[in-house]
Protein chains: 2
Amino acid sequence: MESFGKNHQKELGDDLSPKPITLSKYSNRVELKTLLERSDRGAGLVGKRVVIGGWVKSSRAVKKDSPPPPPPPSVVGVPSPLSGGDQSHTTANIRCTEIIQSKMNIFRRFFDVLSGGGGKTYPIFDKTELAGQKTAPPPEYVFYFLISDGSSVSSLQVVVDSALSTVPATQLMDLGTCIVAEGVLRLPLAASTKHVIELEADKLLHVGTVDPEKYPLSKKQLPLHMLRDYSHFRPRTTTVGSVTRVHSALTLASHTFLQYHGFQYVQVPVITTTGFGEMFRVTTLLGKTDNEEEKKSVKEKDGFSIDTVKAAIKEKTRLIDHLKRSDSNREAVVAAVHDLKKTSDLASQLEMKQNSKSGTTLVKSEKLDFSKDFFGRDTYLTASGRFHLESYASALGKVYTLGPRFVADKIDNARHLAEMWNVETEVAFSELDDAMDCADEYFKFLCKYIIENRHEDMKFISKRVDKTITTRLEATASSSLLRFSYTEAISLLQKATARKFETKPEWGVALTTEHLSYLTDEIYKGPVIIHSYPKVAKPFYVRLNDDKKTVAAFDLVVPKVGVVITGSQNEERFEVLNARIGECGFTREKFEWYLDLRRHGTVKHSGISLSMEHMLLFATGLPDIKDAIPFPRSWGNANN
Amino acid sequence: MESFGKNHQKELGDDLSPKPITLSKYSNRVELKTLLERSDRGAGLVGKRVVIGGWVKSSRAVKKDSPPPPPPPSVVGVPSPLSGGDQSHTTANIRCTEIIQSKMNIFRRFFDVLSGGGGKTYPIFDKTELAGQKTAPPPEYVFYFLISDGSSVSSLQVVVDSALSTVPATQLMDLGTCIVAEGVLRLPLAASTKHVIELEADKLLHVGTVDPEKYPLSKKQLPLHMLRDYSHFRPRTTTVGSVTRVHSALTLASHTFLQYHGFQYVQVPVITTTGFGEMFRVTTLLGKTDNEEEKKSVKEKDGFSIDTVKAAIKEKTRLIDHLKRSDSNREAVVAAVHDLKKTSDLASQLEMKQNSKSGTTLVKSEKLDFSKDFFGRDTYLTASGRFHLESYASALGKVYTLGPRFVADKIDNARHLAEMWNVETEVAFSELDDAMDCADEYFKFLCKYIIENRHEDMKFISKRVDKTITTRLEATASSSLLRFSYTEAISLLQKATARKFETKPEWGVALTTEHLSYLTDEIYKGPVIIHSYPKVAKPFYVRLNDDKKTVAAFDLVVPKVGVVITGSQNEERFEVLNARIGECGFTREKFEWYLDLRRHGTVKHSGISLSMEHMLLFATGLPDIKDAIPFPRSWGNANN
């Protein structure tokens with residue numbers, strides 16, 4: 001492994017003159033983006049020596065001296081590199097590499113059984129260590145890999161002679177295998193409309209294999225909801241990769257926009273004593289269930305825990321699925337189903353045992369005294385940073401933050417998460433109109449920013465997720481957002497007599513998803529700002545308007561997604577705020593410090609809160625918020 | 001209040017031609033930074049009409065037709081604008097405005113008692129509302145305010161004729177009062193070395209008064225540790241304001257540096273099921289102690305709760321302090337002490353009652369079943385984002401995040417918080433050296449960035465906190481950081497025979513604060529990188545070196561502060577990692593998804609973790625981490 005170290009980088013730096021390719025900083029390879037996202041798509045780099053690294057997106061093996069095959073996806077009759085014999089399973093004229101890829105796992109299963117192979121894995125390819133094991137020369141094939149390194153949507157075709165590898169061919173070819181290769185960039189030998197350059201590898205510096213029977217991804221495009229069970233692997237799919245890069249761009253764009261306009265970033269706390277509604281408690285009183293003891297006690301003598309068994313069930317279900325799809329003989333399927341049944345039974349037994357034990361050792365005493373908790377009092381996860389931001393706005397004028405916000409509502413739908421990340425602002429010497437201006441311009445800046453800075457990703461997302469997305473973002477970025485009051489919204493909804501709403505639109509009701517969808521998807525076909533809500537529809541701290549019925553709050557609502565930004569001018573008048581806290585039945589103690597800001601040097605102020613995940617839904621057209629955050633946490637769901 | 005709305009901004013925009021002063025975006029005033037941080041310090045703006053807003057830093061009142069007084073801080077014999085009578089308390093020739101300011105509260109106390117005034121407050125100055133109350137013309141004074149709006153270190157002198165205000169003069173003059181004024185910029189009438197321009201106000205658009213007896217800040221520079229009890233007010237002090245602006249710059253610099261070098265921002269979760277060590281549990285099983293019921297039950301008939309009483313004690317203690325310092329008669333002090341005693345007794349009684357009740361209603365059942373908790377399992381607050389980042393690095397190559405990290409260790413010292421914010425990176429195809437390069441360059445970039453972009457703040461911090469800070473940052477930014485191994489560090493320490501260490505430096509012991517301080521403060525007098533620690537000194541996931549004794553981890557250690565960045569190449573070999581988990585006695589289930597990354601397409605990777613708060617300590621010279629974060633959370637301490 002030493003060969004893929006610092007020295008390479010240095011050698012390469014010398015090789016690449018007169019115009020060396022920029023090496024990836026802090027990483028021993030060239031990022032594919034550098035090679036492929038040039039205006040010439042790499043053509044000017046032919047003849048350059050580079051080290052690249054990435055994960056196999058697709059692979060083909062061609063017998064040496066055969067003509068190079070046409071590029072994927074239209075691969076016909078790829079020969080199995082397994083044994084040169086047993087070709088009976090390689091159905092000719094299959095039009096899709098992904099199927100071949102999936103089937104290959106099963107081929108190997110059969111092959112392993114026939115050959116007595118134990119499915120050995122070589123997680124790391126190490127020339128020195130494996131040198132002694134090289135008993136027979138590898139079969140003579142040329143591999144054509146499509147490799148992606150996540151730096152962009154594009155993949156590079158990498159051509160590898162099987163003689164370079166001591167890892168068995170099947171393992172090399174698996175989807176998801178990590179390959180680091182050194183070689184020279186060249187024009188593709190086979191005419192290709194897709195690739196301008198390819199890499200002819202002359203060294204394989206690293207191979208990180210995959211266990212294809214356990215690896216959840218397949219070349220077949222899996223639906224996003226299926227990928228959610230594998231949140232640690234899904235960024236390897238092109239879609240989730242692109243969404244992540246767009247998310248990253250939105251984050252930088254937010255900091256840039258706000259700091260450019262004079263906002264100071266303030267680190268508001270996540271653990272708080274202030275708040276209301278459904279909150280998560282933070283405590284050390286219950287200790288950690290570092291389930292060592294408990295889990296051990298429910299293990300069977302063969303060492304299987306309930307989690308292992310559940311994993312096995314998932315895996316076996318996948319196998320049956322494969323077998324069914326691959327026209328395997330009925331006997332094999334029946335056997336597999338029987339095996340699954342046995343494992344399921346084991347799971348039930350273990351689960352029963354575990355449930356009967358669970359929780360017994362956790363609470364030592366009936367009384368929990370939170371004054372003895374870590375912070376000496378009740379503490380919760382914050383639901384909003386604006387309380388704390390107000391304190392800094394009353395000193396620094398314009399402030400913002402970006403952090404996680406938590407709501408423990410037992411809701412599980414496509415728009416709700418228990419942990420969401422918000423960008424929040426607070427500006428002193430400002431009113432509702434100013435906050436609406438800020439929301440409007442910030443929102444449009446984000447749209448413009450990703451069109452301009454994530455062009456390739458947005459092109460891919462248009463193709464794969466939502467064809468209209470680029471047009472919609474462009475239209476939004478250049479238009480002026482319509483603003484109207486809640487009262488006007490209600491009257492618009494009431495005019496829609498032909499339309500049956502589940503919640504009848506009457507003044508005073510909260511606007512529901514169907515109301516918002518009607519206004520943005522059907523009437524205005526674009527984002528709008530709705531302001532001046534009834535006071536019951538908004539939190540106690542929003543500034544009461546002169547009519548005493550409405551408050552100075554607004555929502556920026558977009559088609560399909562709903563609310564992306566909320567904003568408000570918060571109550572600066574001590575007496576009014578104090579009365580509102582009383583009206584809502586909250587204990588005043590908790591809000592004393594917040595009231596203090598009105599006692600001493602109070603000022604009109606307003607701010608906004610943008611939900612990063614909802615913004616990402618709007619920016620990508622993704623339908624479910626669980627795909628707009630890397631590791632979603634929702635009711636009943638936290639996997640890692 | 002309508003007058004300080006949108007229209008002003010528009011009118012002003014027209015007035016300011018040909019070269020209008022940039023208005024603050026989303027805020028109805030000009031930021032003082034725009035006026036004062038020009039190269040001419042505002043001289044070119046004389047004659048311009050502006051609206052400014054901010055909080056009173058100091059104030060003086062001068063009888064009309066007197067010559068304008070020299071500028072602060074050397075104010076001599078300021079006449080009391082209170083009554084024109086009772087001047088016995090205004091000791092002549094006091095050299096410091098802050099003392100006058102503090103004393104004024106006590107003067108008013110006496111005055112209120114004498115005049116029967118109830119200490120009425122007008123939290124909002126509203127011309128229309130107050131018009132009817134204008135019974136007598138206000139006394140004829142000219143006020144000289146120093147106003148700060150937090151946009152920069154500088155303050156603006158604002159001159160206000162008392163005729164403009166309907167708020168009583170004393171209230172207008174209090175430290176911390178919020179003032180929005182419109183007027184014309186002019187050269188100071190009194191020659192001033194400090195101010196190039198001042199504002200002659202012709203309209204007072206808003207006054208947010210202060211209750212000076214309850215307001216914790218004083219013109220006197222309070223020690224930082226005293227300010228910590230008032231984390232919601234302390235950003236109004238110049239020091240905390242400057243520190244916040246430096247913090248903000250460090251945040252933007254981090255995003256800029258990393259994204260420039262191709263890192264993608266990834267939103268790793270705060271709620272996690274993965275981790276080890278002392279962690280905070282996140283749960284909804286215990287409900288919220290929204291202490292309404294409980295607290296009500298311990299209230300006395302006069303409606304005082306324990307918190308109110310405690311606040312009263314604090315306040316009364318302050319009053320006694322004031323009385324003592326202001327040479328009040330002995331009788332007044334004795335009375336105040338007696339009053340305090342009574343309140344303390346009440347507090348004790350209430351506390352006893354509360355303790356006897358506390359906790360009884362919290363746990364309904366003896367068994368807590370965490371499978372019935374919100375997420376259906378045990379969940380904790382994350383201690384590190386690098387686990388989750390590794391998943392994205394194994395797909396996108398180079399990733400980073402910025403988020404809160406939590407450690408529930410019961411430690412309360414100047415270097416430790418329960419909630420800290422880290423910038424973490426993870427890079428695939430990289431090794432320890434790459435991570436050290438990244439730490440080195442990122443760290444130096446941050447130093448350079450704040451020197452260049454927070455010049456005024458750093459100048460103030462140099463003056464107030466640490467005289468050597470700018471020199472140190474400049475030296476660090478331009479030097480190359482020394483790197484040596486843990487083994488070399490131990491041998492250096494062992495050579496210091498004259499030095500007695502509490503922990504004897506022997507190979508295998510963790511380096512303590514005194515060891516690190518010796519190396520950075522005494523030997524190298526600057527930041528160093530120490531790498532290749534014994535495996536017991538670092539977590540299980542750090543890559544084992546070939547010697548099987550050390551691991552591929554490093555710390556970037558700086559003088560006075562200690563570790564600012566930690567980094568490591570994490571174990572990519574499945575078998576080794578799996579064995580290490582076993583060695584450490586952790587349940588494997590919890591780390592299955594993490595092991596998965598080694599099962600499928602593993603690659604060498606490394607990353608770093610920068611503690612933003614420790615970086616800020618280094619950048620500012622502040623001695624305590626509780627002053628390097630807006631709302632510190634530490635053992636036994638979470639106030640808001």
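I began with the hairpin of E14(B) and E15(B), where 3 residues lie between the strands and B:Lys560 takes a positive phi near 70°; helices (H or I, at least four residues) and strands (E, at least two) are DSSP runs numbered from the N terminus. The model is a predicted one, in which local features need pLDDT of at least 70 and side-chain atom pairs count only at pLDDT 80 or more, while totals for chains, interfaces and linings use all residues. For my own bookkeeping, residues are numbered from 1 along each chain as its sequence is written, chains are lettered from A and ligands numbered from 1 in the order in which they are written, and side-chain values use heavy atoms, with hydrogens and water left out.

**Entry: around E15 of chain B**

Strand E14 (residues 550-558) of chain B runs antiparallel to E15(B) and is joined to it by 6 bridges, with B:Ala553 standing opposite B:Ser568. E15(B) is also joined by 6 bridges to strand E16 (residues 605-611) of chain B, again antiparallel, and here I found B:Ile565 opposite B:Leu610. I noted that E15(B), residues 562-570, is largely enclosed by the rest of the structure, because 7 of its 9 residues are buried (buried means under 20% relative accessible area, exposed over 50%, partly exposed in between, with a 1.4 Å probe and protein chains only).

Strand E5 (residues 198-208) of chain A, by contrast, runs parallel to E3(A) and is joined to it by 3 bridges; the bridge partner of A:Val159 in E5(A) is A:Glu200.

I also checked A:Ser485, which lies in strand E12 (residues 482-485) of chain A and is buried, with a relative accessible area of 12%. Leaving aside residues up to four places away in sequence, A:Ser485 touches A:Ile530, A:His531 and A:Ser532, contact meaning heavy atoms within 4.5 Å.

**Entry: where the two chains meet**

I turned next to the interface, where 158 residues of chain B are in contact with 158 residues of chain A. The two chains bury about 13,300 Å² between them, 59% of it on carbon and sulfur atoms (buried area is the accessible area, with a 1.4 Å probe, that two parts lose on being put together, summed over both). On the side of chain B, the residues that lose the most area to chain A are B:Tyr26, B:Phe374 and B:Phe429, together 8% of what that side buries.

I counted 4 salt bridges between the chains, each being a side-chain nitrogen of Lys or Arg within 4 Å of a carboxyl oxygen of Asp or Glu. A:Glu441 forms a salt bridge with B:Lys25, the closest N and O atoms being 2.5 Å apart. Helix H7 (residues 238-260) of chain B gives the most to the side that touches chain A, with 12 residues.

Lastly, I saw that strand E8 (residues 281-283) of chain A pairs with strand E8 (residues 281-283) of chain B in the antiparallel sense over 3 bridges, with A:Thr283 opposite B:Arg281.

Terms used
Pairing = 2+ DSSP bridges.
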